[in-house]
Structure formats: C-alpha cells, structure tokens
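Q: Please take a close look at a single part of this model and describe its surroundings.
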Amino acid sequence: MTPSFSAAVFALTYSIVRERCAGAEEGSTRLLNRVATYILGCHSRLPDFMRVPLRLATIGLDGSTLLTTGRPLHLLSHEERWRRIERWRASRFSPLRNVLRFYEGLAVFGWYGEVHEDGA
Amino acid sequence: MAPEAASTSYRNGGAETVVLGSGPGGAVTACLLAEAGRDVLLVEEGPSLALGDTESFSRDEMRRKYRNGGVTVALGNPSIAYAEGRCLGGGSEVNSGLYHRTPPEVLDRWQTEFGLRDATEADLAPHFEACERDLNVSLLPAEAPPASLRLHSGAEHLGWRSIEVPRWYRYDAGGQARRQSMTETYLPRAVQAGCRIVPQTRARVIRREAGQFKIHCSQDTADGGQRQAEFVAKTLVVACGAVQTPALLRRSGIRDNIGRTLHFHPTIKVVARFPEVVNHAGMGVPVHQVKEFSPRIGLGCAISQPPHLALAMLDHPEALAEVLADWQHCAVYYAMTLGGAGSVTPLPVFADPLVRFGLSAGDMGDLATGLRRLCECLLAAGADLLFPTVRGLGPIACEADLAKIPPALSPGATSLMTIHAFSSCPMGEDAARTATDSFGRVRDVPGLRIADASILCSPPGVNPQGSVMAFARRNALALLEGRG
Ligand SMILES: Cc1cc2nc3c(=O)[nH]c(=O)nc-3n(C[C@H](O)[C@H](O)[C@H](O)COP(=O)(O)OP(=O)(O)OC[C@H]3O[C@@H](n4cnc5c(N)ncnc54)[C@H](O)[C@@H]3O)c2cc1C
C-alpha cells in the first residue's frame, strides 16, 4: 500500500505501452516487464543530479492517489491510472509534464526496441 | 578490434604527454604524437569496446557506448536532449560517419571574429586531405537508402541544392560497410607506435605543481567498484569533448572563457509518411543533405528504425500506433539550425555537470523556418502526412497546411535534440573571447592544451567531426614542430 519507485515505473510502463503502442495487449507481460526493467536501467544511468529528483517525483506521483483512492498509483486499475496520466500530461506545470514525457519517451522507444530490435 | 588496453593500472605512473579522452580529437593527437616518438598515455573514461561489440543505433549500443545511456539534457526553455559517446573512440564509435570540411566562409568568420590565425581553407587543406585518406572518406558504392533519396528528390523538385555527403566507411567486395571509427584507425596506430591506453578511467581534477600536471582520476575496477589513480605529465592535452572538457577544467580552477559559450546545432524533427516503401529493417545511414539554406539551416534524414520513429512521434501519441504499423512507409527527417548558446557548470558533490542552453525568439524563428522548409521539401518528395516534433502542430498533409507553422515555434511545445556540441572553449588570438590561442594552448597555463570540439569557435553549420580531426592534426603537428 506504500508508494514505491520501481512499482510506479512498472505501472507507468504498462499503462503507457498498452495505451499507445500496437501489439501490447494482454499476454505481453514478459515484454512489458523487459521495457520497465530497461527504463529502470535508464534511470540508474541518468546524470547524477537528476536521478534523485526524478525518483522522488515518481514516488510522489505514485503516492498522490492515496488521498483520493486509498491506493498508490501502481495499485489502481489501468483505466483509473490512465485517466490520471492523461491529466498530468496536460498539466500546466511543466516539470510534471517533463516527468511524464521522460517515461513516455522511454516506454515507446523501449517497446518498439523490444519488438523490432530483438525480433520478439 | 578495439586496440589492446594497457594491462597495468599505471598507479602513480605518467608520461611525457597525457591525452585525456579518446574521441576524434584525442585519438588523432595521441596517434600523431606517439608516431613522432613521444611518450604518450591516453586516458579514457569509457570502456574499451570494439566497433562490432554492439549493433549500430541499438539500445544496447546506447547503454554501453553513450554517456548516461544516451539520456542527457541541456536545461532551458525548451530543454534540448543531446547525446555524447562515452567509450574508447568517443563519438566516432556511435556516429553516422557523415563527413564535411569546415566551410571556408566559417573559417573566414572565425578569423575576423575570434582572431583565429593560420586557419584558412588553404592552411587546413593538407590536414583534411590526410584525415580523408586515413578514414577512407568516400561516397556510397551503391544506391543510397530510399528515405535518403526521397529527400534528395524533393529538393531537386524544388530546385534546391542537395548533396550526397561522403562518409568514413570502408566497403568489402560484397559491399559490406565498416565505419572507420577511432578504434579502427588512429587508436590501433597509436598503440602500434607505443601509446599506452588506460580505459575506464575518469579524470576528475587536474593540478599543476612544480612544472608538471597531476591528474587525479577515478578508475573502474573489475568488481564494479572504483579506485583512485594519479598520473603525472609534462604536457597535458584535454580532449574530453565539448561538455566534459570545460567541466573538468572549471572543476580544476581553470575558468577563463571556459564553458560559457557552449554551442549546439539545435535540431527539430519530422516524421514523414509516403505512399511507397521508403524504410526497411537495417536501413543504412541516410546520406543526403539539403544545402540550399546553409549554413543557417540544414536539412537531412535521420536514423529511422521503428524505435527512433516511435520516439519522434511522441508529440503525436494518437497517431503513434498507426505510423508504427506502417513503418516501412515512414522515415524521420530533421532541420538543423545554428542558434542559441549555453554553459557548462560543474556542480559540487555531483560528477555530472549542469548544462544549460538558451534560445532567443529569433532562434525559435529560425527553427520555424527550418521546419517549414523541411515540410515543403518532404511534400515535394511525395510525402502524404508529416508529424513535426511540436505538440499541437500537424499533421501536415498539403501545402496549405504549412500556414499552420507559426513564424516562431513556441518553446513550451517544441521538442529539440542535438548530437553536435562544440565551442565551449573557443580558440583564437582575441584573448577577450577565447580560451586558447589559435593552436589550442590554454592561456596562462603552460603545457595545457585542448584538442576537441570545444575549440571550434562557433557552430560550423556542418557535421563537425571532420573539423575536430583537422584542427587536432594541425595543432598536434604544431606542437611537435615547436610552433603553436
Ligand atoms: C549519435 C551521434 C551521431 C553523430 N553523427 C555525426 C556525423 O555523422 N558526422 C560528424 O561529423 N559528427 C557526428 N557526430 C558528432 C561527433 O561524433 C563529435 O563531433 C565528435 O565525436 C567530437 O569529438 P571530440 O573528440 O570532441 O569528443 P568525443 O567524441 O565526445 O570524445 C570525448 C571522449 O572523452 C572521454 N571523456 C570525457 N570526459 C572524460 C574524463 N573526465 N576523463 C577521461 N575521459 C573522458 C569520453 O568518454 C569520450 O570518449 C555525432 C555524434 C553523435 C553522438
């Protein structure tokens, strides 16, 4: 029930890829997990001064749904989660948009990389 | 094969000349000095990997050969994503191999604005010729990739100048291409001539004591840890690239005109869809560039494999799946400009420097003009849908839609990137605006030189590696001859 960085990254990856990318229906769990792991790897290689703020922002997003739903983002249903992601993407607060863009960029790059580079 | 790395750690070791960074600037310098009989040690932060150890433009390559796995950003409004190599051979190991000499009008400007001497077209010609020979700079032996030919045909249709850009590749009898990166060319030559290479070793700070340099480094160990190492040198050549060189020098207390004039070629992209097939798995590097608006605006075609297409579609998420389903009909194109300026600031505690970059309203206007020209060219080439990397703009399907492109792009809605960084420590005789003299000697620090993209005075308006190498060669020979 507590916010978690890696659970949030997995949840964001699942939602973004399912919503945006073709072929990511049920049954693609193995590939989706690989994309999420890839994103965690990218996070660990970020410039050092960006790593902690992004981690905190991600945990913050995960925890931000606790008040209204009693559950962190990663435990919401895909539909509920996606509604929130859409709202954050359109936010007027640019740092929030940037966080979402970071995950969106890596998720689509990672997904099509998995599908095409590795011929999976 | 990657040249063999030195097996000892050289703890407390050193050399007459230490070169930091093994990209095109450092590799050319180390090679020429070693071949002239100098005692040279080359220190490289990244790992020693051979060209074939990673697949070109793959995620694996980004993870292993790029700094920060390829995710680096210059903060500003808009922020600009940029990429740097971080491996033996630096950027030359991951780049597209597109070769240009520095345009003569750019050299003229460097002479008048920065007091750069002995660097006319004629002065540099022998250096360009030597690099072209060493790297087998040549045109494609076969037809260019279809996406590249599309751009060319659009330009021809409009009566615009478009060229096939030569590249540093060798081709075997079967037409297989091999990029002539530094690990294929200058680095093995340097090792052959006695240069010792120490990879996975990052220079953290340099100090000048008793007429020599002490270079304090962190060295990766086999168990994933780090240990300290120190090298001593009489002459120190810094070639860590346009971002890391000023970061290191400023961290070491050397600051005059260092790191305050970083330049990029800010680049905007467009995904174009064509009725016919223009892309295929493993499509090589597109080689055509439209030069009609050079140097202010350059147009070209980028790597267009599905992951790259997906990334370029980020501002059009509703069309992403459709474009990717049809990816053989789609390719990524770019408009590259010259504007803006930035800075590199080392941060206390952190290893990575803060990179900032600003673009004026005029620069955003240039990007809008570049985008419009690119879209015009792609429509003339037969594209039926265009998706610029601008949120809320497009798709563009016909000439009339070009009116949707505003006179200046909105910073908040525009996604920019670059793979060309330079000019953070410009060279020349004008001491008020340059960090080094015309031959890369850092002012007021005897024995310290810079030999990478940092010393290019301003954006060259063309792919920069040819310029980096020619100046590195010229300056290394001047060092050997006791001139510069
Ligand atoms: C994806 C990509 C595509 C490109 N395509 C082209 C192209 O087609 N044509 C072209 O002309 N140019 C291209 N470029 C640009 C070109 O690669 C660079 O201009 C060129 O590599 C710059 O050379 P350099 O010697 O200045 O620095 P770099 O190549 O960046 O080399 C610097 C080296 O120093 C090392 N280093 C950094 N800090 C330290 C430290 N503290 N201690 C020790 N070592 C350190 C780095 O790991 C790196 O290996 C491209 C670049 C990229 C990233």
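Which residues does Gly241(B) touch, not counting residues up to four places away in sequence? Please also describe the shell around the ligand.

A: The model is a predicted one. Within it, Gly241(B) touches Pro246(B), Asp452(B) and Ser454(B), leaving aside residues up to four places away in sequence. Gly241(B) belongs to helix H7 of chain B, which covers residues 241-251. Its relative accessible area is 19%, so Gly241(B) counts as buried, the cut-off being under 20%. Between Gly241(B) and Arg179(B) there are 62 residues of separation in sequence and 20 Å in space, taken C-alpha to C-alpha.

Helix H7 also takes part in the shell around the ligand: H7, helix H1 (24-35) and strand S10 (201-209) of chain B each supply at least two residues. The most comes from S10(B), with three residues. There are 36 residues around the ligand, and those that come nearest are Glu44(B), Gly91(B), Leu98(B), Ala453(B) and Gln465(B). Sorted by class, the shell consists of 17 polar, 13 nonpolar and six charged residues.

Polar backbone atoms of the protein also lie by the ligand. For Gln465(B), a backbone N or O atom is 2.7 Å from an oxygen atom of the ligand. A polar backbone atom of Pro464(B) lies 3.3 Å from a ligand oxygen atom, while one of Glu45(B) lies 3.1 Å from a ligand nitrogen atom. On its own the ligand has 1,000 Å² of accessible area, and the protein covers 95% of that.

Terms used: Residues numbered from 1 in each chain as written. Chains lettered and ligands numbered in written order. Predicted model: local features only at pLDDT ≥ 70, side-chain atom pairs only at ≥ 80, totals over all residues. Heavy atoms only, no water. Helix = DSSP H or I, 4+ residues; strand = E, 2+ residues; numbered from the N terminus. Buried < 20%, exposed > 50% of the residue type's maximum accessible area, 1.4 Å probe, protein only. Contact = heavy atoms within 4.5 Å. Near = heavy atom within 4 Å. Polar contact = N/O pair within 3.5 Å; in protein donor to acceptor, adjacent residues only side chain to side chain. Areas by Shrake-Rupley, 256 points an atom, 1.4 Å probe, with all protein chains shown as cover. Nonpolar A, V, L, I, M, F, W, Y, C, P; charged D, E, K, R; others polar.
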